[in-house]
Amino acid sequence: MNALFKKTVLAILLGAAVFVPFLFAQDNSGAKAKVRQRWMLEFANNPPNVFTYVTPSDKRENYWYMVYTITNPTDDKINLGVDICVRAIIDKENIDKEKPVKDTDKYYQDAIHPFIEDGIIIAEEKLAGLNQTLQADRIKELKKKLNYLNCKELRDKKEILPKETIKCLAVFNEFDPKSVRFEVMVGGLFDVIKWRFDADPPPNPVGNSASEKIVYGYECKIRKVVYDCPGDEFWDQTRALEEVRKEWLIRDYGPFGDKKGLESMMESLSDPNPLLRWTGWYLLYNLTGLDFKYNPAKAPDDNKESLDRWREWWHRNKENLFYNSATNRFEVRNTGK
């Protein structure tokens, strides 16, 4: 994750925040009409696989990779802020537990490995019989047609067009061979703004009667695809993974203007899951204008000074925090007491 991704995600969140006053469309009579629908992107992937690179010194290096697609099923352009990580579960006691019993799990983030990436594309497209010049030309042609985009190329695209599908490639450093389960996690597929009714909503609500009260808030929704690893710590990494299930990891940060939501976002800064750290961090930055030099790409232990500053700010100012709906920000006000 880098500065470019930081700007991309921030643009998505700021764009959502600016759009808040227009969640209801207005007709010519000034009456509120249709409720703004929450956007979502569709995601599909091949199981993670291993690519082995043989160095000039005859050393073998393993890289995990995953080919996946993102599709925009809507009729609107959507800003791209998709990011992927893998949680490798080492201890069987942590299987199916969101919060590990033991702190032994490891998270791997999608990274840029240009030379390895080219080797994977050559293997996937069966281009080994071509010379290097033709291979390079074929890879460029594929990428122009939105095939095998890496995480930087995906962020550089910035938007996904209506009904458009993008084929992407995620590359990870070698996972711990003692892993018994992998959880592929994908963030940025859902609009961070959600709405809900004070009672059970109709299947496809399009209006707002007097009896309906709609509350808007922030929510992080992460797609999770779970795989089991065959064998033990000596298992052959060329064997196929076994898909267990697909599910959603959800963090509800509460409605707009709720200070408890800020506290929940700050808790996300200490989460071992980097996708939750990124969402919590950008929401906090968007809603407070503060950063305290926090880096969500780093583990919580490496952000200790920043986390201490966030906690200090919260305890010092939480009683005097007020939500300004015009700017969609929390402000510290002097109550005069």
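The model is a predicted one, in which local features need pLDDT of at least 70 and side-chain atom pairs count only at pLDDT 80 or more, while totals for chains, interfaces and linings use all residues. Residues are numbered from 1 along each chain as its sequence is written, and side-chain values use heavy atoms, with hydrogens and water left out.

Side chains of opposite charge can pair when their charged atoms come close. Searching the whole structure for salt bridges (a side-chain nitrogen of Lys or Arg within 4 Å of a carboxyl oxygen of Asp or Glu) gives 28 of them.

| Pair | N to O distance |
|---|---|
| Arg87 and Asp105 | 2.6 Å |
| Glu164 and Lys157 | 2.8 Å |
| Lys178 and Asp176 | 3.2 Å |

Arg87 and Asp105 form a salt bridge; because Arg87 lies in strand S7 (residues 83-89) and Asp105 in the loop between S7 and strand S8 (106-109), the pair ties together parts that are 18 residues apart in sequence. Strands here are DSSP runs of E with at least two residues, numbered from the N terminus.

Burial is judged by relative accessible area: buried means under 20%, exposed over 50%, and partly exposed in between, using a 1.4 Å probe and protein chains only. Arg87 is buried at 1%, and Asp105 is buried at 11%. In the second pair, Glu164 is buried at 15%, whereas Lys157 is partly exposed at 25%. In the third, Asp176 is buried at 9%, whereas Lys178 is partly exposed at 44%.

Salt bridges that share partners also join residues into one network, among them Arg87, Asp105, Arg181 and Glu247.

Technical notes. Helix = DSSP H or I, 4+ residues; strand = E, 2+ residues; numbered from the N terminus.
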